[in-house]
Amino acid sequence: MSKKRPLILVTNDDGINAPGIRTLIEVMNTLGDVCVVAPDSPQSGMGHAITINDALYCNSIKVINGEPHKEYSCSGTPVDCVKIAVNEILKRKPDLCVSGINHGSNSSINVIYSGTMSAAVEAGTLGVPSIGFSLLDYSMEADFKPSKKFVKSITEQVLKNGLPKGVVLNVNIPKLDASEIKGIKVCRQANAHWEEKFDKRTNPLGRDYYWLTGEFVNEDKGEDTDEWALHNGFVSVVPVQFDLTAHHAMKELNTWDL
């Protein structure tokens with residue numbers, strides 16, 4: 001790989017064959033030297049899970065279309081993919097990690113469940129500037145073409161300017177034609193949640209089982225949130241920090257008789 005071009009690690013949580021990651025690879029190949037390390041099967045909703053009780057397997061994959069990048073499929077989670085890429089596969093630390101493009105939203109509270117964003121966060125903890133990209137279309141037949149120019153523009157800015165220490169970007173793109181997307185907004189994470197329900201059923205052997213369902217509820221009326229931006233035709237960019245300390249609560253806790 002050329003030393004003059006940035007080294008870009010590409011991963012995701014939908015699996016190495018998902019259309020979203022193929023689009024991301026295509027864009028990244030125009031910006032740097034690309035290495036893909038992604039799960040060999042879908043890993044959506046895995047959050048920051050890592051594999052500790054099973055062996056990890058990582059296999060080199062032949063790039064059929066002749067593009068100049070390298071690809072590896074990994075038996076583990078998205079976070080496993082980043083760890084093994086940085087520590088074992090790559091000869092040097094990547095200049096950037098991009099994760100996605102996810103099939104479906106990772107805005108608001110979804111960020112904490114997301115394998116896509118957890119991969120980006122993991123790279124961030126390793127000192128690698130990182131971005132998670134998601135498209136608000138859950139279909140595996142989703143059209144990612146309108147996303148390309150926004151993915152490229154945001155990535156170019158991160159390569160040029162870097163990111164503040166301890167921060168990664170959570171980028172969500174509305175399901176719209178490119179001409180209908182109004183622009184990009186830097187936002188805060190909306191204060192929203194899932195009202196979960198469990199669909200209880202009984203199998204033929206008489207054993208109860210459950211399917212998780214739910215409704216997404218956004219009670220945040222602010223016009224500076226990712227949910228507002230997406231519902232109004234903008235790409236949302238939320239800076240996410242992986243220091244989970246609630247600094248604002250420390251003063252109160254220090255008044256307790258601990």
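Select Asp13 to start: this residue sits in the loop between β1 (7-11) and α1 (19-28). Helices (H or I, at least four residues) and strands (E, at least two) are DSSP runs, numbered from the N terminus. The model is a predicted one, where local features need pLDDT of at least 70 and side-chain atom pairs count only at pLDDT 80 or more, while totals for chains, interfaces and linings use all residues. Residues are numbered from 1 along each chain as its sequence is written, and side-chain values use heavy atoms, with hydrogens and water left out.

Is Asp13 buried or exposed? Asp13 has a relative accessible area of 2% and is buried (buried means under 20% relative accessible area, exposed over 50%, partly exposed in between, with a 1.4 Å probe and protein chains only). Show its contacts (heavy atoms within 4.5 Å). Not counting residues up to four places away in sequence, Asp13 touches Pro39, Ser41, Pro42, Gln43, Ser44, Gly45, Pro78, Asn102, Gly115 and Thr116.

Next, select Ser44, in the loop between β2 (33-39) and β3 (58-61). Ser44 is partly exposed, at 48% relative accessibility. With neighbours within four places in sequence left aside, Ser44 is in contact with Asp13 and Asp14.

Now select Asp13, Asp14, Ser44 and Asn102 together; the UniProt annotation "binding site", from an unreviewed entry, covers these residues. UniProt positions are given in the numbering used here, feature names are shortened, and annotations may be inferred rather than shown by experiment. The four span 90 residues in sequence, yet no two of their C-alpha atoms are more than 9.0 Å apart, so they gather at one spot. Asp13, Asp14, Ser44 and Asn102 also belong to the lining of the largest pocket.

Display that pocket. On a 1 Å grid over the protein atoms alone, a pocket is an open set of points where a 1.4 Å probe fits, with protein on both sides within 12 Å along at least five of seven lines; lining residues have an atom within 4 Å of a point. The largest pocket has a volume of about 490 Å³, a volume being the space filled by probe spheres set on the points. Its lining has 17 residues, and Gly45, Asn110, Tyr113, Tyr138 and Trp194 lie nearest its centre. β5, β9 (192-202) and β10 (208-218) each supply at least two lining residues; the largest share, three residues, comes from β10.

The structure holds three aromatic pairs (rings of Phe, Tyr and Trp, its six-membered ring, with centres within 6.5 Å; planes under 30 degrees apart count as stacked, over 60 as edge-to-face and the rest as tilted). The ring centres of Phe198 and Tyr210 are 6.3 Å apart and the planes stand at 90°, so this pair is edge-to-face. Phe198 is in strand β9 and Tyr210 in strand β10, so the pair ties together parts twelve residues apart in sequence. Phe198 is exposed, at 57% relative accessibility.

Move to helix α2 (residues 78-89). Nine of its twelve residues are buried, so α2 is largely enclosed by the rest of the structure. Among the buried residues are Pro78, Cys81 and Ile89. Their cover includes β1, β2, β3, β4 (70-74), β5 (96-103) and α3 (115-125).

Finish at the second largest pocket, with a volume of about 400 Å³. Ile112, Val240, Gln241, Phe242 and Leu244 lie nearest its centre, out of 17 lining residues. α3 and β11 (234-241) are the elements that give two or more residues to this lining.
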